[in-house]
2 protein chains.
Amino acid sequence: MTAGPEAVRAARGEWRRSQIVDAATALLSTQGYHQMSVNDLAQEAGISVGTVYQYVKNKEDILLLVMRDILEAYRHNVPRAMEGFDDPLDRLSSGFGAYCRVVDSRRAGTILAYRESSTLAKDALSEMKSLEEETTGLLVTCLRECVEAGILHEHDSDTLAWDLTMLAHMWSLKHWHFGSRMSIDEYARLQFAVVVSAIIHQEVTTRYEYLARPLHRLR
Amino acid sequence: MTAGPEAVRAARGEWRRSQIVDAATALLSTQGYHQMSVNDLAQEAGISVGTVYQYVKNKEDILLLVMRDILEAYRHNVPRAMEGFDDPLDRLSSGFGAYCRVVDSRRAGTILAYRESSTLAKDALSEMKSLEEETTGLLVTCLRECVEAGILHEHDSDTLAWDLTMLAHMWSLKHWHFGSRMSIDEYARLQFAVVVSAIIHQEVTTRYEYLARPLHRLR
DNA sequence: CAGTGTTATGAATCGATGTTCAATCTCAGT
DNA sequence: ACTGAGATTGAACATCGATTCATAACACTG
């Protein structure tokens with residue numbers, strides 16, 4: 001089965017765009033959007049500047065592709081980490097841990113999302129917000145299930161889920177402070193314990209080993 | 001008592017710089033640094049572009065002045081709100097509330113700090129970080145005192161203080177989500193309750209009316 | 001009033017960068 | 001080998017904006 005010329009063209013398009021996204025991710029990480037020139041990007045990607053424009057509309061389009069790439073990573077890794085758990089709190093803990101680890105693996109990406117949101121056009125920005133809300137919505141669902149299962153007290157799940165999201169992002173945003181103090185796994189465990197300890201039924205605490213310790217820094 | 005020419009020059013410098021900072025704060029709020037032109041800024045300030053350069057070194061200097069202005073607001077309002085409390089948890093609650101309210105009154109400023117940190121030179125960035133650490137340090141001190149007073153369990157005060165800082169900033173960063181759901185006072189009270197409920201000795205909870213309710217959205 | 005020093009002005013300058021497009025290259029089919 | 005279509009190239013172009021600097025205005029003093 002040989003593909004037709006349209007398939008060849010589509011495949012080449014994907015290939016070129018991923019070259020561009022990879023190079024842009026590297027440069028945006030260190031320079032930010034406004035310092036990065038399209039000429040530098042082309043060089044980093046190993047293609048000419050004219051070729052860049054063959055596959056992306058303009059400079060802003062590049063930023064949008066990169067940010068979409070980053071947010072999609074959250075979207076895929078968090079739900080996957082939530083699979084296979086009967087206990088909703090275990091599911092939440094695993095999802096939050098994965099969220100933190102994705103943030104860690106793409107630290108510059110999270111920072112970029114906060115830094116460049118003003119650069120995006122209105123509808124692109126809405127798309128970014130929707131992706132973020134989707135991931136946070138998964139956390140809300142788990143929290144609600146924990147309440148129904150009698151694990152957690154009644155609470156404002158929307159706010160608590162956003163707290164978890166914000167604390168996951170904080171690993172990147174304040175990495176200059178936290179990075180030398182603890183590992184990402186220690187951080188994730190500690191922050192999860194903070195939020196959950198506020199709302200958990202005391203008598204079920206002993207069921208979860210990740211809540212076994214007081215809220216010390218683990219060292 | 002008439003001032004000498006140096007005093008006149010100093011006063012004029014201060015006046016011009018505050019004109020520049022006020023105009024820049026307005027424009028940076030809506031446009032961000034890279035969209036704001038120095039010509040537009042001069043117009044907004046009601047002075048010529050040449051005069052701008054009489055009093056600031058370059059465009060980046062303007063950004064630095066604005067950000068210093070914002071962080072100084074935190075630095076002055078938070079300690080002041082902490083005065084006059086014997087109970088360290090009351091002091092912390094008041095300080096956190098003030099922090100949230102300063103963030104609210106200067107929402108664009110907080111966003112700017114996250115957005116433009118990559119634009120600043122290394123030593124300017126260090127200065128910004130130091131100012132932030134100073135405010136957070138006040139929260140750490142209160143948390144330690146609460147532990148010594150037997151109000152809070154032993155915990156990692158550094159991380160919890162940064163959690164409070166991050167949650168204060170979140171009001172600005174995620175205002176698009178929270179702004180239509182609750183007032184800044186409701187938000188501050190709820191977020192304070194989340195963090196403190198995780199670490200408070202149960203038997204002292206009833207002493208504090210701001211912890212009287214479960215962690216519902218207050219409506 | 002004239003002279004001097006200080007302050008303000010805004011058009012011009014200069015450098016950088018996003019984007020284009022004419023020229024060239026590559027590949028597949030005949 | 002030739003041809004045509006598609007892909008690539010990178011210098012040129014047009015635009016923009018940070019900064020400068022010659023000129024003008026202002027304030028003060030003798």
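At 3% relative accessibility, A:C142 counts as buried, a term that stands for under 20% relative accessible area, with exposed meaning over 50% and partly exposed in between, using a 1.4 Å probe and protein chains only. This is a predicted model, in which local features need pLDDT of at least 70 and side-chain atom pairs count only at pLDDT 80 or more, while totals for chains, interfaces and linings use all residues. Residues are numbered from 1 along each chain as its sequence is written, chains are lettered from A and ligands numbered from 1 in the order in which they are written, and side-chain values use heavy atoms, with hydrogens and water left out.

A:C100 is likewise buried, at a relative accessible area of 0%. The search of the whole structure finds zero disulfides over all chains, a disulfide being a pair of cysteine sulfur atoms within 2.5 Å; for the two cysteines below, the closest cysteine sulfur is too far for a bond.

| Cysteine | Closest cysteine sulfur | Sulfur distance |
|---|---|---|
| A:C100 | A:C142 | 14 Å |
| A:C142 | A:C146 | 6.3 Å |

Turning to the chain as a whole, the secondary structure of chain A comprises ten helices and zero strands, where helices (H or I, at least four residues) and strands (E, at least two) are DSSP runs numbered from the N terminus. The C-alpha atoms of chain A fill a box of roughly 65 × 45 × 35 Å along the principal axes, and buried residues make up 51% of its 219 residues. Among contacts in chain A with a separation of 6 or more, 69% come from residues 24 or more positions apart, contact meaning heavy atoms within 4.5 Å.
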